Amino acid sequence: RDPKDTTKVRFLYANRTPDDILMRDVLEDLAAKHPERFMLSFTVDQVAPKDEKNIDSAPEWKGHVGFVTKEMAKMSLFEATEDGICVMCGPPVMLEKACYPALHSLGHQDDNIFCF
């Protein structure tokens, strides 16, 4: 590790439910230990399935709910800069219909957006 490295990361992580978030505890720990360098945001399609009595059985959710939007990206990600990059992965339809438009709305150019 380079002690002079001051790289900053903002991570918007989309999942179906909170239970689907891989490595959530590790990511939240990183965000708590390095708030000046790592900002973590979550969004889910639904907070929790209803139990058989149709009562929401999930603990309180503090993240976003819904598909990635321009407003969500503005709250969670960096504004575009000449030397900044965006890295993303996910289903092609999500990238095409939600992520690219959200990033473009912040001024990010395709040359600085990387998908895998």
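This is a predicted model: local features need pLDDT of at least 70, side-chain atom pairs count only at pLDDT 80 or more; totals for chains, interfaces and linings use all residues.

Colleague: What share of the residues is buried?

Modeller: Of the 116 residues in the protein, 28% are buried.

Colleague: What about contacts between residues at least 6 apart in sequence?

Modeller: Of those contacts, 60% join residues at least 24 apart.

Colleague: Let's switch to the rings. How many aromatic pairs does the structure hold?

Modeller: Three. Take Phe11 and Tyr13 as one of them. Their ring centres are 5.1 Å apart and their planes meet at 15 degrees, so this pair is stacked.

Colleague: Why does that angle make the pair of Phe11 and Tyr13 stacked?

Modeller: Because planes under 30 degrees apart count as stacked. The planes of Phe11 and Tyr13 are at 15 degrees.

Colleague: Is Phe11 buried, exposed or partly exposed?

Modeller: Phe11 is partly exposed, because its relative accessibility is 28%. Tyr13 has a relative accessible area of 16%, so Tyr13 is buried.

Colleague: What is the cut-off for buried?

Modeller: Buried means under 20% relative accessible area.

Colleague: Which type of pair do Tyr13 and Phe42 make?

Modeller: A tilted one. The ring centres of Tyr13 and Phe42 lie 6.2 Å apart, and the planes are at 40 degrees, so the pair is neither stacked nor edge-to-face.

Colleague: Where do Tyr13 and Phe42 sit in the chain?

Modeller: In distant parts of it. Tyr13 is in strand 1, residues 9-15, while Phe42 is in strand 2, residues 38-44.

Colleague: Is Phe42 buried or exposed?

Modeller: Phe42 is buried, because its relative accessibility is 8%. Arg24 lies over the face of the Phe42 ring, 5.5 Å from the ring centre.

Colleague: Which residues do the ring pairs link into a cluster?

Modeller: Phe11, Tyr13, Phe42 and Trp61.

Colleague: New topic: pockets. How much space lies in the largest pocket?

Modeller: About 1000 Å³. Its lining has 37 residues. Phe11, Leu12, Val87, Met88 and Cys89 lie nearest the centre of that pocket.

Colleague: Which elements each supply at least two residues of that lining?

Modeller: Strand 1, strand 4 (86-88) and helix 3 (92-105). Strand 1 gives the largest share, seven residues.

Colleague: What classes of residue make up the lining of the largest pocket?

Modeller: There are 24 nonpolar, eight polar and five charged residues.

Colleague: And how much space is in the second largest pocket?

Modeller: About 380 Å³. Its lining includes Arg1, Asp2, His34 and Phe38. Phe11 is also one of the lining residues of the second largest pocket.

Colleague: Which elements each supply at least two residues there?

Modeller: Strand 1 and helix 1 (24-33).

Colleague: Thanks. Where should I look for Phe11 again?

Modeller: Look in the linings of both pockets. Phe11 also belongs to the ring cluster.

How values were computed. Residues are numbered from 1 along each chain as its sequence is written. Side-chain values use heavy atoms; hydrogens and water are left out. Rings of Phe, Tyr and Trp (its six-membered ring) pair if their centres lie within 6.5 Å; planes under 30 degrees apart count as stacked, over 60 as edge-to-face and the rest as tilted. Buried means under 20% relative accessible area, exposed over 50%, partly exposed in between (1.4 Å probe, protein chains only). Helices (H or I, at least four residues) and strands (E, at least two) are DSSP runs, numbered from the N terminus. A charge sits over a ring if NZ of Lys or CZ of Arg is within 6 Å of the ring centre and within 35 degrees of the ring normal. On a 1 Å grid over the protein atoms alone, a cavity is a set of points where a 1.4 Å probe fits but cannot get out, and a pocket is an open set with protein on both sides within 12 Å along at least five of seven lines; lining residues have an atom within 4 Å of a point. Grid points are joined across faces, edges and corners, and a volume is the space filled by probe spheres set on the points. Ala, Val, Leu, Ile, Met, Phe, Trp, Tyr, Cys and Pro count as nonpolar, Asp, Glu, Lys and Arg as charged, and the others, Gly among them, as polar. Contact means heavy atoms within 4.5 Å.
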